[in-house]
Amino acid sequence: MIVAFLGAPYAGKGTYAKMISEKHDIPTVSMGQLLRDLSKENSELAMEIKSYIDKGILIPDEKMLEILENELKKEKYSKNVILDGYPRTLSQAVMEEGKIDLEVVILFTTSMETIIDRGAGRRTCKDCERIYHVKNIPPKKEGICDVCGGKLYQRDDETPKAIKNRLEIFEKNIGPIVKYYERKGILKRINSDPPYEEINKIIKPLEMAIGLR
Ligand code: AP5
Ligand code: MG
């Protein structure tokens with residue numbers, strides 16, 4: 001089963017993908033994380049990827065599909081996989097047809113207030129990629145991951161300009177993608193506004209939508 005998670009920057013895609021993945025043992029491909037990892041390599045492609053990410057703009061569709069297809073060849077993704085952040089353009093959705101067969105597409109809907117609140121304090125573990133929030137989901141020890149002890153960092157694409165670009169690109173592209181999957185009858189919306197203390201209001205409907213409950 002291939003499930004796609006879509007949503008605005010800071011909607012919580014990565015947070016909920018990690019939760020579902022750990023609880024139900026479903027591997028996740030986080031497109032942003034995959035690209036951030038690739039961007040650390042010593043190559044021209046790595047430098048190119050980094051320049052796109054840091055500006056908050058999308059990697060070209062053909063390149064993206066090639067990177068994703070390569071990743072999905074790994075044995076661990078042979079049964080089930082959650083795609084966090086793919087597709088992001090209508091052409092990515094159309095191009096993937098017949099190659100990557102999505103069964104369910106989840107759209108996390110979020111108010112602008114939530115996005116602004118969550119955007120201000122995200123921290124990510126550099127080792128296990130667990131996501132925290134300095135106010136909403138703080139680690140027990142400041143700057144250190146509860147689970148693996150790794151250092152927490154703030155992503156390079158969290159500059160005002162890059163955040164603005166990411167939001168604008170999301171707004172511009174999401175409409176046609178939604179229509180495309182609604183026509184196919186596989187789009188489900190989950191409101192991801194509830195605060196972390198009420199996380200079950202997000203996770204339970206999400207599990208139902210994916211067919212895990
Ligand atoms: P990506 O890394 O996917 O960034 P994004 O889409 O902007 O989304 P984020 O990761 O910022 O947010 P999220 O929804 O995962 O939220 P999170 O769980 O962290 O992509 C980065 C870049 O890669 C793109 O700009 C582009 O350049 C490139 N790229 C990626 N995919 C691509 C593609 N398909 N094609 C081309 N280019 C591509 O949560 C946010 C915060 O909120 C956290 O601090 C978290 O702790 C907190 N939080 C979460 N849920 C709650 C809650 N319920 N209550 C309180 N706090 C919460
Ligand atoms: Mg993410």
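Colleague: Which helices and which strand each supply at least two residues of the shell around ligand 1?

Modeller: Helices and strands here are DSSP runs numbered from the N terminus (H or I, at least four residues, for helices; E, at least two, for strands). In this predicted model, helix H1 (13-24), helix H2 (31-38) and strand E6 (131-133) each give at least two residues to that shell. A word on conventions: residues are numbered from 1 along each chain as its sequence is written, and chains are lettered from A and ligands numbered from 1 in the order in which they are written. Local features need pLDDT of at least 70, side-chain atom pairs count only at pLDDT 80 or more, totals for chains, interfaces and linings use all residues, and side-chain values use heavy atoms, with hydrogens and water left out.

Colleague: Which residues come nearest to ligand 1?

Modeller: A residue is near a molecule if one of its heavy atoms lies within 4 Å of it. Of the 37 residues around ligand 1, the nearest are Thr15, Ile57, Arg88, Arg122 and Arg166.

Colleague: Which polar side-chain atom lies 2.9 Å from an oxygen atom of ligand 1?

Modeller: For a polar contact with the ligand, look for a pair of N or O atoms within 3.5 Å. Lysine 13 places a polar side-chain atom 2.9 Å from a ligand 1 oxygen. Tyrosine 132 uses a backbone N or O atom, 2.7 Å from an oxygen atom of ligand 1.

Colleague: What does the second largest pocket look like in terms of space and closest residues?

Modeller: A pocket is found on a 1 Å grid over the protein atoms alone, as an open set of points where a 1.4 Å probe fits, with protein on both sides within 12 Å along at least five of seven lines; lining residues have an atom within 4 Å of a point. Its volume is the space filled by probe spheres set on the points, which are joined across faces, edges and corners. The second largest pocket holds about 270 Å³. Among its 16 lining residues, Arg36, Ser39, Lys40, Tyr153 and Asp156 are closest to the centre.

Colleague: Which residue forms a salt bridge with aspartate 156?

Modeller: A salt bridge is a side-chain nitrogen of Lys or Arg within 4 Å of a carboxyl oxygen of Asp or Glu. Aspartate 156 pairs with lysine 50, their closest N and O atoms being 2.8 Å apart. Aspartate 156 lies in the loop between strand E7 (152-153) and helix H7 (160-184) and lysine 50 in helix H3, so the pair ties together parts 106 residues apart in sequence.

Colleague: Where is the cis peptide bond?

Modeller: Most peptide bonds are trans. Here a cis bond joins tyrosine 86 and proline 87, with omega about -5°.

Methods:
Polar contact = N/O pair within 3.5 Å; in protein donor to acceptor, adjacent residues only side chain to side chain.
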